[in-house]
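Here are my notes on the model you sent over.

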Amino acid sequence: MIRRVWLERLARAALLACVVALFGALWFALTGPPRPAQVIALAPAPLQTIIPTLIALPTATPPATPTPLPPLVALLAGHSCGEDPGAICPDGLREVDITTEVAQRAKQMLNARGFRVDILAEFDPRLNAAKRDYSPRAFLAIHADSCIYNVSGYKVARAANSASPQEDDRLARCVRSSYGAATQLPFHEDSITTAMTLYHNLMKIAPKSPGAIIELGFLGSDKVILTTQREQLALGIANGVERFLQASQCQ
Ligand SMILES: [Zn+2]
């Protein structure tokens, strides 16, 4: 009797297991295996997507770099602030009055174009032959020639013993071409003397600073333009210096 009861229980359990297995098979047939997209969605994010996320995290703001100062130009007004006014004409026209005004006008033009400009005196305390520690980006000494009437024109030269002859020559070329274009004066190369190429202030600026000297014209023959068109003289200088600072070769 007991054996029969257990046999019946076993038969019912087997029947129930068969029904469950049947329903499981039916469910699998209807829904199918998990699709690949679902598997990928559950998988951890690949390393390539994690790294950019880490890099994009906010970082500390870098310290602000100071804005560099504009280039410094030095214009030396020949004979200014000294006892020697330079060349003088019988009518009282003085070289120093021309060089001082032209230097000031050129400074205003270069300031307006964004450059820093120092106006230097003939014997300026910033220029020291022993130290040579004054180092503008461009140095130009402004003079005018003697009160004679048989020659006309302007001259530009650099130091004979220049430490940087290529840059000095480029500065001289830029000033020469721009000044000639602005004034229409002829270039009087023949009268460039050691008074220009051995000019004392060219040997007082820093050796690496490009430097040159210009003679604006002759106080005698070029009197009209030297006295009535100083804006044009200054414009020629400002244009030449600016072209030099813009790295023009000024061929
Ligand atoms: Zn002079």
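1. Helices (H or I, at least four residues) and strands (E, at least two) are DSSP runs, numbered from the N terminus.

2. Bear in mind that this is a predicted model: local features need pLDDT of at least 70, side-chain atom pairs count only at pLDDT 80 or more, and totals for chains, interfaces and linings use all residues. Residues are numbered from 1 along each chain as its sequence is written.

3. Overall, the protein has eight helices and five strands, in the order α-α-α-β-α-β-β-β-α-α-β-α-α along the sequence.

4. I'd start with strand S1 (residues 72–77). Five of its six residues are buried, so S1 is largely enclosed by the rest of the structure. S1 pairs in the parallel sense with strand S3 (residues 138–145) over five bridges, with leucine 76 opposite alanine 141. S1 also pairs with strand S2 (residues 116–120), again parallel and over five bridges; there leucine 72 faces arginine 116.

5. Next, helix H8 (residues 230–245). Its 16 residues should span 22 Å at 1.5 Å a residue, and the end C-alpha atoms are 23 Å apart, which agrees; the expected span is 1.5 Å times one less than the number of residues. The buried residues of H8, including Leu233, Ile237, Val241 and Phe244, pack against S1, H4, S3, helix H5 (165–183) and strand S5 (211–218). Just after H8, alanine 247 takes a positive phi of about 70°.

6. Last, leucine 245, which lies in H8. Leucine 245 counts as partly exposed because it has 19 C-beta neighbours inside 10 Å. Beyond its neighbours within four places in sequence, leucine 245 is in contact (C-beta atoms, placed from the backbone, within 7 Å) with Pro71, Phe115, Arg137 and Ala138. Proline 71 is 174 residues away from leucine 245 in sequence, yet 7.9 Å away in space, C-alpha to C-alpha.

Terms used: A residue is buried if 20 or more other C-beta atoms lie within 10 Å of its own, exposed if 12 or fewer, and partly exposed in between; C-beta atoms are placed from the backbone. Two strands pair if DSSP finds at least two bridges between them. Two residues are in contact if their C-beta atoms, placed from the backbone, lie within 7 Å.
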